[in-house]
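Here are my notes on this one, jotted down as numbered points. Have the model open while you read.

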Amino acid sequence: MAIRHCFDKDVDQVLFEGNSCVKKVILNRPHKLNSLTYHMTCQMIKELKAYEVDPKVKIVILKGNGKAFCAGGDVLASYTCMVAGHWSYGTNFYKKQIMLDYLVATYGKPVVAIIDGIVMGGGAGLSLQGTFRIVTENTVFAMPETAIGHFTDVGSSYFLSRLPGFFGEYLGLTGAKIRGAEMVECGLATHFMLAKDVRLLETALVEVTSTDTKTISEIISKFMHKPNVKQHGAFSRLEIINKCFSRTTVEEILSSLESEAGTESEKWILDAINWMKSACPTSLKISLRSIREGRKQGLEQCLIQECTIVCHILRRTVSNDFYEGIRAILLDKDKNPKWEPSKLELVTDEMLGRYFSRVDEDDMEPLQLPTRSNLVDTMRPKL
């Protein structure tokens, strides 16, 4: 029963629309915040590859139905499969997600992601590598993986590490939510517009007959709106964030935040402290190292390294934290996970290093990404 559910095929979970020149890929699981399934991912890979080699197709639009663009991968479905079967079910799904994200990041034609709502985890991996990343006042971004014993994955070691200063470490370690205006300000998004104008933008884009990014940018710019950036938003506190999150270890980052809380006592600092104290200690350390190493790596290296870490997490090489996090947060919902190790200081360098080492499994092939030359290098490290 559980294994069949993993690979359920609902052809309406992704809609493929458009004309001969402009194709729309629409995530269509609004009741599940458009969380990605294995079948959805396979469908998108198949169609995007076909669009890429079709000379008539000029651009692709990514969007989601409902109040979310995409809240991430369907971790409950993966969990059910792995508990009923084998941990490799989860890694096979994750590899498909990575292949999809890499396809979008290296796509030979402009990709316009319209992110009008919630975007987290796998949704961020799908949308934040594209040529144009459009957000609205409805957009909410977060990477909350450390709360369930996971880490910031799906390419985030690449795109978070390229944000100004140490803002990426802040987002990855605290699960902090930021709105569309801040996404543009920090570089995660390229354009801000009002949600009421999204349909008008789509109507204008449908008329595109060229892959020229300048032409597409000019069309999008007609609908741009000056965002109302909150004066007290986290990005406006970049100086303090850099001071705290530039520290070498998670323990030092947390200590630095606690020192700031003694003098500043701002809500965002207290929220960051509370999140980090309740999050999985191992996940925090994996995330920090992954983002730090990602700053010196290309996208392909980042994705391959993240896949290695995911394999170790799912096969419980070091701990059971991911399965415990799913149980406590998403299944039983007691919100009282028993992390092992339970404290940051108990997570040793040797334990951490094992997550970054080659997976020792006879039937587990390392992730191999195809050679592609069209990487959309819209993000460079901004330290």
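1. Let's start with a sheet. Four strands line up in the order β4-β6-β8-β9 to give an open sheet with mixed pairing. Its edge strands, each pairing on one side only, are β4 (68–70) and β9 (178–179). Further in, β6 (residues 118–120) runs parallel to β8 (residues 140–142), with three bridges between them. Look for valine 119, which sits opposite phenylalanine 141 in β8. Two strands count as paired here if DSSP finds at least two bridges between them. Strands (E, at least two residues) and helices (H or I, at least four) are DSSP runs, numbered from the N terminus.

2. A word on what you're looking at. This is a predicted model, in which local features need pLDDT of at least 70 and side-chain atom pairs count only at pLDDT 80 or more, while totals for chains, interfaces and linings use all residues. Residues are numbered from 1 along each chain as its sequence is written, and side-chain values use heavy atoms, with hydrogens and water left out.

3. Next, β2. Strand β2 (residues 22–27) is mostly covered, with six of its six residues buried. Buried means under 20% relative accessible area, exposed means over 50%, and partly exposed is in between (1.4 Å probe, protein chains only). Val22, Lys24 and Ile26 point one way, Lys23, Val25 and Leu27 the other, and all are buried.

4. What does β2 pair with? Strand β1 (residues 14–18) pairs with β2 in the antiparallel sense over five bridges, and a hairpin of three residues joins β1 to β2. Phenylalanine 16 faces valine 25 of β2. β2 also pairs with β3 (residues 59–64), this time in the parallel sense over six bridges; there, valine 22 has isoleucine 59 as its bridge partner.

5. Now helix α7 (residues 167–174), where eight of eight residues are buried. Glu169 is one of them, at 0% relative accessibility. Glycine 175 follows α7 and has a positive phi, near 65 degrees.

6. Where does the charge on that glutamate go? Glutamate 169 forms a salt bridge with arginine 295, the closest N and O atoms being 2.9 Å apart. Arginine 295 lies in the loop between α14 (281–294) and α15 (299–314) and glutamate 169 in α7, so the pair ties together parts 126 residues apart in sequence. Arginine 295 is buried too, at 11% relative accessible area.

7. The structure holds 17 salt bridges, each a side-chain nitrogen of Lys or Arg within 4 Å of a carboxyl oxygen of Asp or Glu. One of them brings together glutamate 52 and arginine 372 (2.7 Å, N to O). This pair links helix α2 with the segment after α17 (349–355), 320 residues apart. Glutamate 52 is buried at 18%, whereas arginine 372 is partly exposed at 24%.

8. Two last items. Lysine 243 and glutamate 260 form a salt bridge, with 2.7 Å between the closest N and O atoms; lysine 243 is partly exposed at 46%, while glutamate 260 is buried at 7%. Finally, a salt-bridge network links Glu324, Arg327, Asp332 and Asp334.
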